[in-house]
Amino acid sequence: MVEFEYFVAGVLPYLTVTVFALGLFYKLIRWQTSPEHLPWELYPYPETFGEQIKELLKEVTTLHSLIKNNRRVWIQSLLLHWGLYILGLWIILNLIGLGVAYYVGLIGATLTLVGSITLFLVRISNTELRRISAFVEYFNLTFLMALSGSALYSNFFRIDLKTYLLSLIAFKPNVTMFTTEDILTLLLVQLFLIYLPLSRLVHFVGKYFTYHKVKWGEAE
Amino acid sequence: MMKVFDEYRALSDDTLKPDQPKAKRFIEAMRKFLDKKENWTFWLPYILTLELCVKCGTCGEACPVYTASGRKEIYHPVYRSEMLRRIWKRYFTLSGKIFRGLAGAKDVTEDDINALAEAVWRCTVCRRCAMVCPLAIDNGLITREIRKIFDAIGIAPDELKENGTRAQIQYGNATKTPTEAFKDTLEFIKEDIEDMKGVSVEIPVDKKGVDYLVINNAGDYIAFMETVMGIVEIMNYVNADWTLNTPDTGVNDVVNYGLFYSDAELVAVAKAQLETIRKLKPKVVVIGECGHAYDSFILYKKLYKEMYGEEMPFKLTHIVALIDRWIREGKLKVDKNKNPEPVTFHDSCKWGRCAGVYEEPRRVLKAVCKDFREMYPNREMNYCCGGGSGFAIMFKDEFLKFRMETYGRIKAEQIKATGASVVATMCANCKGQFREIIKYFNLPVRYAGVSELVANALVYK
Ligand code: SF4
Ligand code: SF4
């Protein structure tokens with residue numbers, strides 16, 4: 001068991017970072033080096049850089065297209081996405097060393113958990129959504145549920161991320177700071193990061209291409 | 001005909017050959033279109049759509065076929081895209097090869113391929129779904145990509161290929177009208193305008209180096225003559241330096257059905273059209289009332305560079321933009337009282353969502369019609385009429401019924417709600433569909449081209 005904990009906290013992270021970075025890099029390069037396709041934009045679209053940023057922020061923060069066109073999954077999706085944004089914020093605040101980070105982490109994980117559970121429930125209870133859903137859709141949501149649930153259960157947000165990351169960088173992984181419960185969370189986080197670039201969850205960067213390179217015309 | 005997908009058939013048995021195996025050939029052709037270089041024209045939007053869909057279902061809410069069909073599962077945009085995605089996963093992705101069903105992959109059967117070949121003719125590539133998709137991915141594009149694969153293995157509707165792109169390249173127009181017959185039609189148009197309006201008009205043909213080369217949808221000379229007459233009258237009214245062209249010069253038909261189903265055909269037709277234009281050397285090419293043609297010509301800007309290594313030497317515009325300008329400049333004097341009936345406007349997908357032409361027709365119609373009424377929803381959220389991507393000329397079997405019971409039903413309701421007695425539109429395919437909708441639903445309205453209404457409002461003296 002000790003070996004397993006050491007593996008998860010002391011060895012796997014190197015693999016995770018490598019796979020995550022390479023995976024994301026591969027996707028980005030693959031899309032970025034695509035030949036300039038024939039124009040396929042949809043009108044009207046924001047034309048200036050300022051308008052595009054405004055539109056993008058509106059979509060990212062409010063999931064505006066769902067409010068307008070598909071309300072039945074809007075609130076759930078919004079909770080999930082904000083949960084993930086706030087978890088991102090937790091990383092930053094934790095690294096800076098602010099005490100409030102702990103509570104930010106709790107909020108982020110709670111929103112992610114509630115968002116993924118409620119999305120799972122609409123998906124399975126709404127006939128139309130159920131029809132277009134396959135195993136992968138449920139799998140992704142379950143993954144997010146497990147991740148956020150486990151983080152809350154293990155009280156993961158108390159972790160001093162900075163110390164841990166520095167120990168990894170120094171190739172002297174500090175594995176003693178984790179409880180057995182933490183190890184499960186850490187494992188899930190890493191599996192998630194490995195899975196991310198290979199899955200459709202990579203839409204968080206893919207969206208840049210679909211909007212800027214296709215729907216809004218070639219970025220000048 | 002044999003049932004392969006639903007109760008309709010768009011492809012004849014002769015074309016589809018449902019009994020013959022084709023799955024292997026399909027997969028081989030599919031491989032080609034997954035290649036960046038081979039499919040440079042649409043590779044990025046294609047791949048992004050294959051990879052990113054999160055199945056949120058928003059596209060279904062926007063799709064006229066899905067919603068009007070009573071939300072039948074098989075007509076959901078995602079359902080159709082998944083038919084292809086399962087094959088892509090199974091044969092072209094590592095996760096699909098390893099995890100199979102768990103990764104959404106599936107061994108393909110001959111029945112799957114037959115069903116897919118028909119399924120892509122239940123979507124007009126109207127792209128309303130892409131307009132609303134939170135990820136901005138495009139199930140309409142997937143439809144078109146699948147059609148491309150089928151065309152590569154010899155399966156395309158004869159209306160669009162044998163009697164469409166192929167005929168157009170061979171005869172100069174998809175209606176197979178020879179020069180003599182074309183000139184007779186023009187003579188008839190000239191006489192008709194002179195009889196009806198009491199004004200004499202000239203219809204120049206094949207003139208080189210003019211200001212405006214007007215190219216119409218050749219079908220207009222047969223089915224929507226009033227539109228052509230309107231254009232002729234308008235060009236004469238402003239005393240423009242203009243010309244039409246005959247098949248003697250090459251292609252005199254502005255359509256490009258390749259846009260609907262095949263890049264190879266799109267390019268072949270483009271080449272024939274551009275060669276013709278290069279010979280005639282006009283300053284401006286004016287696209288008549290044909291939505292997909294204008295859309296194709298937008299693509300030609302890039303294709304032209306690929307073909308000839310230089311920028312297009314002529315400007316591109318369309319007839320309604322010219323009319324709009326001439327009305328605002330006072331060159332066209334119009335009296336809106338001459339069109340007293342309530343008129344509404346149908347935004348064609350190709351003019352609107354795909355080309356951004358929203359304001360010109362509205363300004364023009366408001367200037368020439370006494371009672372202009374918007375149809376709702378409109379502009380970028382307008383519903384496709386059901387004539388798009390070639391459907392307007394596809395009638396096999398019960399296919400007309402499909403067009404009417406889905407898109408047609410929605411459009412009929414939209415028209416009724418306006419209370420208008422005229423539906424104006426600037427696209428030949430839409431007019432073809434409106435002709436059928438009006439008959440099928442027994443609507444007390446008529447359809448009209450924008451140019452026709454403008455000509456009717458012209459003030460002489
Ligand atoms: S709206 Fe876009 S992401 Fe959502 S199911 Fe449709 S194609 Fe997929
Ligand atoms: S392109 Fe139009 S018809 Fe086709 S799936 Fe999208 S909304 Fe439906």
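This dialogue reads several features of a predicted model.

Student: What should I know about the model before starting?
Tutor: The model is predicted, local features need pLDDT of at least 70, side-chain atom pairs count only at pLDDT 80 or more, and totals for chains, interfaces and linings use all residues. Residues are numbered from 1 along each chain as its sequence is written, chains are lettered from A and ligands numbered from 1 in the order in which they are written, and side-chain values use heavy atoms, with hydrogens and water left out.

Student: Which residue of chain B meets the side chain of Glu36(A) in a salt bridge?
Tutor: Lys302(B) does, at 3.7 Å from N to O. This pair crosses between chains: Glu36(A) is in the loop between α1 (2-32) and α2 (49-62) of chain A, and Lys302(B) is in helix α17 (residues 291-308) of chain B. Helices (H or I, at least four residues) and strands (E, at least two) are DSSP runs, numbered from the N terminus.

Student: Is Lys302(B) buried or exposed?
Tutor: Buried means under 20% relative accessible area, exposed over 50%, and partly exposed in between (1.4 Å probe, protein chains only). Lys302(B) has 18% relative accessibility, so it counts as buried. Glu36(A), at 46%, counts as partly exposed.

Student: Which residue forms a salt bridge with Arg71(B)?
Tutor: Glu61(B) does, and the closest N and O atoms are 3.0 Å apart. The two residues are ten residues apart, with Arg71(B) in the loop between α5 (64-68) and α6 (77-92) of chain B and Glu61(B) in helix α4 (residues 58-62) of chain B. Arg71(B) is partly exposed at 27%, and Glu61(B) is partly exposed at 23%.

Student: How are the residues around ligand 1 divided?
Tutor: A residue is near a molecule if one of its heavy atoms lies within 4 Å of it. Ala, Val, Leu, Ile, Met, Phe, Trp, Tyr, Cys and Pro count as nonpolar, Asp, Glu, Lys and Arg as charged, and the others, Gly among them, as polar. The shell around ligand 1 has eight nonpolar, three polar and one charged. Among its residues are Cys53(B), Lys55(B) and Asn139(B). For ligand 2 the division is eight nonpolar, two polar and two charged, and the surrounding residues include Arg80(B), Arg127(B) and Tyr407(B).

Student: At what angle do α6(B) and α10 of chain B pack?
Tutor: Two packed helices are described by the angle between their axes and the distance between the axes. Axes are lines fitted to C-alpha atoms, for helices over the stretch in contact, and angles run from 0 to 180 degrees between N-to-C directions. Helix α6(B) and helix α10 (residues 139-152) of chain B pack at about 40°, with axes 9 Å apart.

Student: Where is the cis peptide bond of Pro44(A)?
Tutor: It joins Tyr43(A) and Pro44(A), with omega about -5°. Pro44(A) is in the loop between α1 and α2 of chain A.

Notes:
A salt bridge is a side-chain nitrogen of Lys or Arg within 4 Å of a carboxyl oxygen of Asp or Glu.
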